[in-house]
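Me: Please take a close look at the aromatic side chains in this model and the nonpolar packing around them. I would like one connected account, with the cut-offs spelled out.

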Amino acid sequence: MTQKIQLPLQTANLVVGFMVWVLISSLLPFISEDISIPPERLAIITAIPVVLGSILRIPLGYYANVYGARVMFFISFIVLLFPVYYISETSTVTGLLIGGTLLGVGGAIFSVGVTSLPKYYPKEKHGLVNGIYGMGNIGTAITTFSAPVLAMKFGWSLTVKMYLVLLLVFIALNFFFGDRKEVKVKAPIVEQIKGVYKNEKLWFFSLFYFITFGSFVAFTVFLPSFLVNYFGLDKVDAGLRTAGFIVVATLLRPVGGWLGDKFQPLFLLMGCFAGLTFASIVLAFSPDIALYTVGSILIAAAAGIGNGVIFKLVPMYFSKQAGTVNGIVSMMGGLGGFFPPLLLATIFSMTGSYSIGFMAFSQISLASLVLVVWLYYMDRVSLSKEVFDSTRQGILVTNQTGAIVSVNPAFTQLTGYSEEEVLGKSPNVLSSGRHDRAYYDKMWREIEEHGVWQGEIWNKKKNGEEYLEFLSISAVKDGTGDIVRYVGSFSDISPETAEGNQLS
């Protein structure tokens with residue numbers, strides 16, 4: 001029973017954490033009426049919770065493996081009681097900065113669930129499970145919409161205090177219903193980082209999440225003030241529209257995870273970055289609120305699906321270091337939300353326009369699309385090399401003139417020749433001399449006519465030992481029909497070694 005409720009419980013935990021995380025940005029129009037905030041401090045105040053909420057994801061993801069999700073959620077919610085109360089009582093910009101810094105814990109708990117929940121499900125469901133958990137992002141929408149409504153009725157200070165009750169409820173829920181028997185992994189964090197930091201896929205996934213989740217966070221904290229200041233909307237309308245953006249991105253996150261379970265995840269990411277590129281261009285040239293709304297919804301859809309897909313990819317490639325890698329990737333995503341608001345604000349102060357900032361984002365998205373395509377084909381090449389190196393049949397590849405360009409480890413094992421010894425030479429180096437010219441002429445006529453030849457042939461190893469092999473030669477052609485290489489694969493079928501050396 002305890003294990004079955006972990007997905008809904010941890011998803012609810014994330015909802016609450018994200019509700020607290022965006023408290024300041026959601027109530028900033030109300031807070032600024034009571035606290036005089038210099039324009040240059042506005043972006044910093046909204047960005048501070050994002051920064052700590054990103055950086056803390058690495059240790060929280062790691063310790064989720066060490067102590068389990070129950071302990072990490074329980075402690076995190078206790079810690080959040082202090083900044084929430086402090087913010088409700090502050091009357092200074094410094095107070096907002098201090099309280100906002102600690103609110104980052106609410107965003108950092110994301111890495112706890114994505115580390116813990118896959119332990120309860122088979123790999124073919126990890127994308128969907130992490131996608132459902134990621135729907136906890138809806139917490140930002142709940143606060144963005146409800147906090148301004150409550151603030152208009154009760155004032156922003158009392159509204160903030162209401163979150164203390166919510167935190168106390170979830171402290172109790174995690175204490176009583178968290179899984180005390182969750183599987184723990186206690187590898188030192190330094191060793192885990194050493195085991196993954198040289199893997200280029202970690203940094204690719206971090207970059208991709210930097211863009212997809214970063215755009216989600218950036219629009220979440222940026223839209224309320226932007227819609228009020230740029231389009232002249234009232235605060236409640238701006239909050240409602242921002243909540244709509246969050247809802248679309250959040251609901252599509254499990255869809256992205258589910259699609260990642262069913263289809264090639266990298267293909268899906270290509271579509272996401274193509275969508276982000278197009279949507280950013282729309283935003284750069286949006287003359288009115290209607291077109292801006294269309295562009296924002298496209299951003300939400302592409303970012304939501306992309307977020308779900310990426311956390312299908314992480315456990316596919318990093319099963320043993322999932323906690324640390326989840327923390328690093330999710331940290332980069334959170335940091336991705338830190339820079340765009342600052343960049344847009346800086347560009348606007350210099351040029352009086354947001355279009356340049358949106359066009360810059362479109363170019364970053366386009367570059368990410370190119371990188372996903374490159375990663376997909378490099379993955380294919382890596383897979384081909386793994387198959388080439390691991391097969392137990394000897395393989396040699398020649399160019400169209402018959403010079404050897406590559407052999408696999410099984411070739412060396414069967415013949416005694418290393419790759420360096422045969423590169424650039426003709427396969428005749430293996431000839432035993434048992435077959436006459438007519439035998440080889442017939443072989444090559446068949447390859448020329450049918451593209452393939454198979455048969456038994458006597459060859460000679462480096463040590464002079466002759467052996468009988470079953471050989472298959474195939475001609476590889478390019479798109480124009482010209483032969484570009486030949487591939488030969490063989491197995492030792494000598495009668496005296498058939499029991500021990502037959503590798504086919």
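Reply: What follows covers the ring pairs, then the charges over rings, then the nonpolar cores.

The model is predicted, so local features need pLDDT of at least 70 and side-chain atom pairs count only at pLDDT 80 or more, while totals for chains, interfaces and linings use all residues. Residues are numbered from 1 along each chain as its sequence is written, and side-chain values use heavy atoms, with hydrogens and water left out.

Rings of Phe, Tyr and Trp (its six-membered ring) pair if their centres lie within 6.5 Å; planes under 30 degrees apart count as stacked, over 60 as edge-to-face and the rest as tilted. By this rule there are 26 aromatic pairs. One of them joins Phe18 and Trp21 edge-to-face, with 5.0 Å centre to centre and 65 degrees between the planes. Both residues belong to helix α1 (residues 6-21) and sit three residues apart, about one turn of the helix. Helices here are DSSP runs of H or I, at least four residues, numbered from the N terminus. Phe18 and Trp21 are both buried, where buried means under 20% relative accessible area, exposed over 50% and partly exposed in between (1.4 Å probe, protein chains only).

Phe204 and Trp374 make a tilted pair, at 5.6 Å centre to centre and 45 degrees between the planes. Phe204 is in helix α12 (residues 200-231) and Trp374 in helix α18 (residues 355-390), so this pair ties together parts that are 170 residues apart in sequence. Phe204 counts as buried at 13% relative accessibility, whereas Trp374 is partly exposed at 44%.

Ring pairs also link a cluster that includes Phe18, Trp21, Phe110, Tyr133, Tyr209 and Phe358.

Two rings carry a charge over the face, meaning NZ of Lys or CZ of Arg within 6 Å of the ring centre and within 35 degrees of the ring normal. Arg180 lies over Phe175 at 5.7 Å from the ring centre, and Lys461 over Tyr467 at 5.6 Å.

A nonpolar core is a set of buried Ala, Val, Leu, Ile, Met, Phe, Trp, Tyr and Cys residues joined through side-chain atoms within 4.5 Å. The largest has 106 residues, and Phe77, Trp156, Phe208 and Leu269 are among those with the most contacts inside it. Helix α12 supplies the largest share of this core, 15 residues. Neighbours within four places in sequence aside, Leu269 is in contact (heavy atoms within 4.5 Å) with residues including Phe208, Ile310 and Val372. Another core, of 19 residues, lies apart from the largest one and includes Val422, Trp453, Ala475 and Phe490.

Conventions. Helices (H or I, at least four residues) and strands (E, at least two) are DSSP runs, numbered from the N terminus.
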